[in-house]
Amino acid sequence: MALKSLPEGAQCESFPCTCAPAHQNNFYTWYVPKTMIQDLIIIGGGPSGINVAISAKKAGLNYLILEKGMVSNSLFNFPVNMTFFSTSLKLEIHNIPFISHRDKPTRSEALEYYRRLIQSQDLKISLYEEVRKMLRADDGIYTIKTSKGQHQTRAICVATGFYDTPVLMNVSGEELPKVKHYYDDPHAYINQNVLVVGAANSACDAALECYRKGANVTMAVRGEEISSRVKYWVKPDIDNRIKEGSITAHFNTTITAIHADRVDLQTPEGPLTIPNDFVLALTGYQPNYPLFEALGLTIGDDDACKPIFNPNTLEATLPNVYIAGVACAGLTTNKLFIENTRDHGEIIMGDILSKR
Ligand SMILES: Cc1cc2nc3c(=O)[nH]c(=O)nc-3n(C[C@H](O)[C@H](O)[C@H](O)COP(=O)(O)OP(=O)(O)OC[C@H]3O[C@@H](n4cnc5c(N)ncnc54)[C@H](O)[C@@H]3O)c2cc1C
């Protein structure tokens, strides 16, 4: 096929396109004229960013999603065999059907849904373009600096989630390659001594799956029991596996050091060293606060450390800068999810349009 070269400043609207060279390699990458001022730039191409983009498109705005990784980057890094706790009906956005084989979709069905939304709604998204900084000029126009260049826009929506920054244990040996802050697939852990750190949903799911596939699983839990927030159908399963001794759990326990072949624990009975091949440190995630700072967002000074925004409009303390999705929750990452943030696109668009 003959390749068409893109004229200076032109924007390719066709799909599949014949533009060369980068666009052809990645049909999600849009050429945006450098001089064009967008109405809205959405930072983050996860479920929330996609939701806001569909609202922006319906409202007739010029918008662009900037995503530092692939489409729904966070979901891609979820455990390979995971099933959502929400039904697909509750995850559906803009009344666009989300089809899954069972009531609750799998990770791969969710990825399919978000891929299809990008394609069927013809959303403008630039992938593998990381936002690093934001500056506001006197005329109110924002310049966004990215890993690939810069963009100008009248409004911004920060939909960066919380999955990029694991909460670290800050113990010696945490930097060893055998320590994982993201759990993907149990296959790697068969016949291995695996220490799962944490007692929330991710930790319990990983412990159960690894145990069932043949790993020797031990859990180190800071509190005195498995979290009461663990999904109601998983809680009895993990409690009973611990009770019967299939999974060893040390409660009121912290890790003091990780070595190549063992781990040191501090238990209520005193120090304990156990043989170890892998540590799955599923101790939670938090928003990217250095990014929030680089964007100039104001963070609340209470324990939740939420970015400050007007709950009626989702507008932050900077004019025409909005926060969407789970990023609104700060450190209280269990309070907001896709299900209960699906109205964010409409709320933000309502405010943008009301100012025109
Ligand atoms: C294991 C797990 C299971 C879950 N199950 C459910 C469920 O069943 N139901 C439910 O409603 N919720 C669930 N959640 C919560 C919620 O679905 C997810 O957190 C969801 O990903 C939130 O969507 P989001 O778009 O707000 O954030 P994200 O999906 O995290 O999207 C943020 C995007 O921003 C991008 N980004 C970050 N920084 C930059 C930057 N500087 N420049 C450009 N792009 C950037 C990231 O790459 C990412 O793609 C679950 C979460 C986890 C971890």
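Colleague: How many residues of domain 1 are in contact with domain 2?
Modeller: Seven residues of domain 1 are in contact with nine of domain 2, where contact means C-beta atoms, placed from the backbone, within 7 Å. This is a predicted model, in which local features need pLDDT of at least 70 and side-chain atom pairs pLDDT 80 or more, while totals for chains, interfaces and linings use all residues. Residues are numbered from 1 along each chain as its sequence is written.

Colleague: What makes up domain 1 and domain 2?
Modeller: Domain 1 is 32-164 + 286-354, and domain 2 is 168-283; the bounds come from an automatic or database domain assignment. Their C-alpha centres lie 32 Å apart.

Colleague: Which residues of α5 are called buried?
Modeller: A110, Y113, Y114, L117 and I118 are; buried means that 20 or more other C-beta atoms, placed from the backbone, lie within 10 Å of the residue's own. They cover an arc of only 130 degrees around the axis, judged by the directions from the helix axis to the C-beta atoms, and therefore sit on the same side of α5. Among what covers them are α2, α3 and β5 (125-126).

Notes:
Buried ≥ 20, exposed ≤ 12 C-beta atoms within 10 Å, placed from the backbone. Helix = DSSP H or I, 4+ residues; strand = E, 2+ residues; numbered from the N terminus. Contact = placed C-beta atoms within 7 Å.
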